[in-house]
Amino acid sequence: MSRLPRVLPWLATGLAVAAAVAAPLIVPGFLLFQISVMLTYAIAVLGLNLLLGHAGQVSLAQGAFFACGAYVFAILVSRFGVPPAAALLCAAVVTVALGVAVGLPALRLPGLQLAIVTFGLAALVPQILIKFDHVTGGEAGIRLRRPVLPGWFAAPLETWNYYWCLAGLALCIVITLRVLFGDSGRSLRALRDNPLVAETLGIDLTRVRLSAFAVSAAFAGLAGGLFAMVNGFVNPSSFEATKSIEILIGAIVGGVTSIPGAVIGAIFIVFMPDWTSQIDISLAGLLYGLCLILTMLFARNGVTGVVRSLADRVVRMAAPPPDARQNPAPPA
Amino acid sequence: MALLIQHVIEGITTGGIYGSLALALVLIYRSTGIINFGQGEMATFVTFVAWQLHEWGFHPALALSAGVLLAAVLGVVVFRVAVRPLMGASGETIVVVTIGLMLAFQAASLWIWGADQRLFFQIIPNRSWTVAGITVTLHAVGVGVAVVALAVLLSAFFRFTRLGLAMRAAAAEREKSPLVGIRVETMLLLGWGLASVIGFMAAVLVAPKLFLSPTMMVPLLLYSLAAATLGGWDSPLGAVVGGIVVGVTESLGATYLSFLGAELRLAIPIVITLAVLLVRPAGLFGKTTVVRA
């Protein structure tokens, strides 16, 4: 009986992958487009999770990095005809360079200076996009030409884009797992939980936190590139400062230490404003603010945290493990 | 030359306002170690209430006093409800909560009063003097006097009164202060109330210039964060001086670095913040704390 909970996550993962791959067969085109956008956000949220949940740092510039990736992709593809895969790689690399330039001064210090600096960056990036209009197209933005699909691919463009986004998310999940279950993940958590002890044990605070920040920026850059590909069009009004805060909300609501949480958070931030705006434009902001405060006060690990503790309770009620006394549940 | 002096004076005026919001941020940081990203939006909300009272026909002085009272109560309530339960939690948790405060108060103002820009009533009459080609407005003088008075009063309060001493003690030694009979929680509540009132003051000073709108304080917060970083997060005097330096830099930068234009003005506080973090992370007046491992 006690084997059951261990099989469950694998079963759930397998079902989720199967559903994701089969989705284009049943989902109509526009919804598939929305889901693709949601997947790009999930990638950016996943990057922020790595930083927030495991390195204990707040970045408010994830939307700015997203914009950076989107513009790098759009410029490379539309001006220079670079193939999409190479352009995505460049989007990630350029974004990492921007992230390191901004993050290095802030991450040398033990406090939360990164939040201050990235808050400024989030406000500045839309201004930069408008200012350098000879590169970015200014307010009008950049429109991408409809890509030519390979001959063997016998499905519409939405499906093609969807699979790109899905592949991007899968790649980022694999990278996240490699980071978290390796040495670097252990160093990250040690730093988050007790920086003093961790440093005494020879973990370089600046280096580890900076690399976590770089990985999260790379995810956001890749996500931005995919977004430009899916949307076929980039302009500054898609990347206002609020975008960065929305990605933060996605991370918090889904649960900052959870990978499925990133997808749940992305679903929340992509689909929730759609229906609240039909009621009142200020409702989304109010709901967002309350979500942040209430999640921190009552459910620190977000939706996935709540689900997990409920599932734990159900499993324990159904079949109390015989060794419950020797192995008390770790504190949340 | 006259132009230069003119821009310096303008910079000092806006810088004084940045300084006063930075002062509110620093007060909270000193007592609770929190950067309150919601400070500006809380102040905007209270300013809207004061504006509404004035619209309903209350005397400006009455509307402002009501605002001060409301600001104090709001600061205390927000601390008690949203921040106090998380005092033991990690820094990033509390930053997220203050960002939640920012969004919630902005949305509340938007919901009640809409996105229109409102003309906020002038507290300081529109007068100016011109001497040797340099114009000084009464507003500039008023802001200068108000901010300097605030900084002096606060410093005196912390230095010479028993309550000020108790608040400093509560901030410095949260565990040991109760042993000498200081109610730490009350002191923290007072600190949040006081910061909220100072934030309201900054909003009232800036509202006639920027027009009142739910997002009025967002750019101001950016400048104030730079001011507090430059001054050093544990120094009230540093916050005001930092604010003035940021204000003058902004005014001169926008004039003489013409390639910045209106769009890249926001880059100035960010560059200042990065430069301070690189060169002197503790800020001009901040103390470098040494931790014994």
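In the predicted model, B:Ala132 adopts a positive phi near 50° within the hairpin formed by E1(B) and E2(B), where 2 residues lie between the strands. The two strands, E1 (residues 128–131) and E2 (residues 134–137) of chain B, are paired in the antiparallel sense through 4 bridges. Within this pairing, B:Val131 is placed opposite B:Ile134 of E2(B).

The contact comprises 43 residues from chain B and 42 residues from chain A. The size of an interface is often expressed as the accessible area lost when the parts come together. By this criterion, about 3600 Å² is buried between chain B and chain A, with carbon and sulfur atoms contributing 84% of the area. On the chain B side, the residues losing the most area to chain A are B:Glu92, B:Val96 and B:Glu263, which together account for 16% of what that side buries.

Specific polar interactions were also counted. Between chain B and chain A, 0 salt bridges are found, and 1 residue pair is in polar contact across the interface, with both residues at pLDDT 80 or more. The elements of chain B that supply two or more residues to the side touching chain A are helices H3 (60–83), H4 (91–113), H8 (217–231) and H10 (267–279). Of that side, H4(B) provides the largest share, with 16 residues. Classified by residue type, the side of chain B that touches chain A consists of 35 nonpolar, 6 polar and 2 charged residues.

Methods: Residues numbered from 1 in each chain as written. Chains lettered and ligands numbered in written order. Predicted model: local features only at pLDDT ≥ 70, side-chain atom pairs only at ≥ 80, totals over all residues. Heavy atoms only, no water. Contact = heavy atoms within 4.5 Å. Buried area = accessible area lost by both parts, 1.4 Å probe. Salt bridge = Lys/Arg side-chain N within 4 Å of Asp/Glu carboxyl O. Polar contact = N/O pair within 3.5 Å; in protein donor to acceptor, adjacent residues only side chain to side chain. Nonpolar A, V, L, I, M, F, W, Y, C, P; charged D, E, K, R; others polar. Pairing = 2+ DSSP bridges.
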